[in-house]
Amino acid sequence: MMISRQLVLTYLYLLIYVCLSSGVILFNKWVLSPKYFKFPFPITLTMIHMAFSGVVTFFLVRVFKVVAPVKMTFQIYATCVIPISAFFASSLWFGNTAYLYISVAFIQMLKALMPVATFIMAVLCGTDKLRWDLFLNMVLVSVGVVVSSYGEIHFNIIGTLYQVTGIFAEALRLVLTQVLLQKKGLTLNPITSLYYIAPCSFIFLFVPWFLLEKPEMDVSQIQFNYWIFFFNAVAAFALNISIFLVIGRTGAVTIRVAGVLKDWILIALSTIIFPESIITSLNIIGYAVALSGVVMYNYLKMKDVRANQLPADNAPDRATKDKKISNIYKPDNFMDSNDETTVGSLASEGAGVDEEAPLIPSSRLSYVTRTQTGSFNSR
């Protein structure tokens, strides 16, 4: 009976994640679209999200102490959090701006390029090696996206460039997080990530907002419904909580599989909610080809993770026991060589990254979730 209850909770969390992830994307499109809510200011919307997330996470971390803050020094903040926040803000800015020009369905198809962008950035930054098996998968993904783009009826070069730029900004943020934070032994879950990154991202977004959107904003003509923006920010923040819960109960691989399912559901829903979004057979064929490359890429990366963990599993019994004993007394922010390898491999996949979610899927996140926030997960 206990096992079935846990299984039901796991599937419930997965369902909540899929619904929230799809809902945030459709909600953002509806708010930003000039045909619907008519608020064509993506930077302003992103700043509202960051401000709301910063305030809520402050109360969760400092007041209610749902999660414990990491040991953050000024040097780590200046050399790690600030550059990561800059690219996080950029990825949200460009990604949300794309909603003004292209459909949700086409945006989801372009997001299949995420592993390609992350792989390229990881190779350039020296955190991954150029391998022919991975390279061929990246070619397959790219070909699928090109075919899907060719089949797009309402293709818009500006919107496509915004989305692709946002993807590469997010990929660079993923790699920087691995290089800068993980090398220092810091593991951030979605709540602590937003606690440190959201305020800094808000400041970075203020500059382009002041230069690009503020001069265009006419307060008398703006349809500013406080409840709409409040619920939009709540949905974006709730998405982070759902990722927190899902990975705590399952793992990064499961959430990636759920992400693939979510993408197909989202593409179908977007054509119903936004009738102007038309899907062609070339769109479907190209996206299917791209997804097959993404799935194979994730399989190869997970295979590498298991291979890297094999030596530890085959160690002598005495060493294994010693390691188990030592693990009991590890501090929460400790990371051994196997953990770091796992984090690097999973981070370099770059698939399944959602809007407003500054999360690096980590093999230690399940451990952190169950130890630091056991009471939070059970709510």
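1. Where is the place of Lys65? In this predicted model, Lys65 lies in the loop between H2 and helix H3, the latter covering residues 74–97. Lys65 counts as exposed because its relative accessibility is 61%, and the cut-off for exposed is over 50%.

2. The backbone at Lys65 deserves a look. Most residues other than glycine have a negative phi. Lys65 is not a glycine, yet its phi is positive, at about 55 degrees.

3. Lys38 is another residue to check. Its phi is near 65 degrees, again a positive value in a residue other than glycine. Lys38 sits in the loop between helix H1 (2–32) and helix H2 (42–63).

4. Helix H2 also takes part in a helix pair. It packs with helix H8, residues 190–213, at an angle of about 155 degrees. The axes of H2 and H8 are 8 Å apart. Angles over 145 degrees count as roughly antiparallel, so H2 and H8 are roughly antiparallel to each other. Their crossing is left-handed. In the contact of H2 with H8, the residues divide into 18 nonpolar, 6 polar and 2 charged.

5. The last point concerns Val294, found in helix H11, which spans residues 281–313. Val294 counts as buried because its relative accessibility is 6%, and buried means under 20%. The C-alpha atom of Val294 is separated by 8.6 Å from that of Leu113. Along the chain, Val294 and Leu113 are 181 residues apart.

Terms used:
Residues numbered from 1 in each chain as written. Predicted model: local features only at pLDDT ≥ 70, side-chain atom pairs only at ≥ 80, totals over all residues. Heavy atoms only, no water. Helix = DSSP H or I, 4+ residues; strand = E, 2+ residues; numbered from the N terminus. Buried < 20%, exposed > 50% of the residue type's maximum accessible area, 1.4 Å probe, protein only. Axes fitted to C-alpha atoms, helices over the stretch in contact; angles between N-to-C directions. Parallel < 35°, antiparallel > 145°, perpendicular 65-115°, else oblique. Left-handed = near helix turned anticlockwise from the far one by under 90°. Nonpolar A, V, L, I, M, F, W, Y, C, P; charged D, E, K, R; others polar.
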